[in-house]
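Please look over the structure shown here.

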Amino acid sequence: MVQLVIFDCDGVLADSEVISARVLAAELRPYGLTMDEDYIFRNFVGQSFPKVADKIRARFQLDVPQDFEAAYRAKLVDAFAEGLSRTPGLGDVLDHLNCPRCVATSSSPPRVARTLRITGLDGYFGKDVFTASEVQNGKPAPDLFLHTASKMAVSPENCLVIEDSMAGILAARAAGMEVWRYIGGSHMQGFSASELATPAGVPVFDNWTEFYQMAPQLKRKG
C-alpha cells in the first residue's frame, strides 16, 4: 500500500535538465573540456555536483577550481529565471493526490528551493523537501530515500518513488521502494527504449495523464 509518493525534482517536477546540461557544458569549455549535452544526460543526470565533479576529475584529469560550482550555480540561476517550467500536466496529479508527498533530490537546498519557487510548486511540498546534503552518500546509494522515509515516518516498502535517472532508480530499489520512471522531460526526447535501459520491472511513463491510470487508488475522490 502506497502511503507516500517521493518525487525527484530535476527532470520530474521541473523540466530543468536540458537547461542544467547546457549551462554545465558552457562553463566547462573555458577549461578546455568540450562535452555535449547527450554525454551529460547519460553520465551525470540525477547525481549531486560533488559526484559529477569527481567523475570529471577521474575521467578527464580536470580538477575544476574551488569556485567553479558557485559560478555554475550562479549562471544556472539566471538560466532558470528565463526559461524554467514544471513538467506538463504535473499540477493535476498533485492536486488530486490522496496521500502525503515530498521531494528527494540531488540538488543543493538553495537550488531546489529556487526551482520549486520559480515553477510554483513550493506550495505543494512545504518543508517536506530533502536533499543529498543531508546524507553521507548520494544517489545511487539508498541513503537519501531511506532518510526521506524516516523523516516522513513511512516504511520504505510503503513508498513510491518517481524518478527519471538511472542513479535515482537504483537508489530507490536499493532502499526497498517501488519506483516508476518518468521520461516526459525534454532531456529524454529522442532516446530509444534500449538506450534508456530501464531495469526490468520498473514501470515507465512519459505523460502525467498516465499516473492515475497506473495507480487509480492514489487519486482523491471528488
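## Terms and exposed loops

Buried means under 20% relative accessible area, exposed means over 50%, and partly exposed lies in between, with a 1.4 Å probe and protein chains only. This is a predicted model, in which local features need pLDDT of at least 70 and side-chain atom pairs count only at pLDDT 80 or more, while totals for chains, interfaces and linings use all residues. Residues are numbered from 1 along each chain as its sequence is written, and side-chain values use heavy atoms, with hydrogens and water left out.

Glutamine 61 is exposed, because its relative accessible area is 65%. Glutamine 61 sits in the loop between α3 and α4. Helices here are DSSP runs (H or I, at least four residues), as are strands (E, at least two), and they are numbered from the N terminus.

Most residues other than glycine have a negative phi, and most peptide bonds are trans. Glutamine 61 has a positive phi of about 50° and is not a glycine. Alanine 153 also has a positive phi, near 60°. Where is alanine 153 placed? Alanine 153 is in the loop between α8 and β4 (159-163). Alanine 153 counts as exposed, at 71% relative accessibility.

The peptide bond from lysine 139 to proline 140 is cis. Its omega is near 15°. Proline 140 belongs to the loop between β3 (129-131) and α8 (143-151).

## Helix α1 against α2

Helix α1 covers residues 17-28, and helix α2 covers residues 37-44. Their axes come within 9 Å and cross at roughly 115°. Axes are lines fitted to C-alpha atoms, for helices over the stretch in contact, and angles run from 0 to 180 degrees between N-to-C directions. The two helices are therefore roughly perpendicular. On this scale, angles under 35 degrees are roughly parallel, over 145 roughly antiparallel, 65 to 115 roughly perpendicular, and the rest oblique.

On the α1 side, the contact is made by Glu17, Val18, Ala21, Arg22, Leu24 and Ala25. On the α2 side, it is made by Glu37, Ile40, Phe41 and Phe44. Contact means heavy atoms within 4.5 Å. By class, the contact of α1 with α2 has 7 nonpolar, no polar and 3 charged residues. Ala, Val, Leu, Ile, Met, Phe, Trp, Tyr, Cys and Pro count as nonpolar; Asp, Glu, Lys and Arg count as charged; the others, Gly among them, count as polar.

## Helix α1 against α4

The axes of α1 and α4 come within 9 Å and cross at roughly 140°. That makes α1 oblique to α4. From α1, the contact uses Ile19, Ser20, Val23, Leu24, Glu27 and Leu28. From α4, it uses Phe68, Ala71, Tyr72, Lys75, Leu76, Ala79, Phe80 and Gly83. The residues in the contact of α1 with α4 divide into 10 nonpolar, 2 polar and 2 charged.

## Aromatic pairs

How many aromatic pairs does a search of the whole structure find? It finds 14. Rings of Phe, Tyr and Trp (its six-membered ring) pair if their centres lie within 6.5 Å; planes under 30 degrees apart are stacked, over 60 edge-to-face, and the rest tilted. Tyrosine 31 and phenylalanine 68 form an edge-to-face pair, because their ring planes are at 65°. Their ring centres are 5.7 Å apart. The pair links distant parts of the chain, 37 residues apart. Tyrosine 31 is in the loop between α1 and α2, and phenylalanine 68 is in helix α4 (residues 68-83). Tyrosine 31 is partly exposed at 39%, whereas phenylalanine 68 is buried at 2%.

Phenylalanine 49 and tyrosine 72 form a stacked pair, with planes at 25° and centres 5.6 Å apart. Phenylalanine 49 lies in helix α3 (residues 49-60) and tyrosine 72 in helix α4, so the pair ties together parts 23 residues apart in sequence. Both phenylalanine 49 and tyrosine 72 are buried. Elsewhere, ring pairs link Phe7, Phe125, Trp180, Tyr182, Phe205, Trp208, Phe211 and Tyr212 into a cluster.

## Two further residues

Histidine 147 is in helix α8. Is histidine 147 buried or exposed? Histidine 147 is buried, because its relative accessible area is 18%. Leaving aside neighbours within four places in sequence, histidine 147 is in contact with Phe130, Glu134 and Val135.

Serine 192 is in the loop between β5 (178-182) and α10 (193-196). Serine 192 is partly exposed, at 31% relative accessible area. Serine 192 and leucine 116 are 76 residues apart in sequence and 29 Å apart in space, C-alpha to C-alpha.
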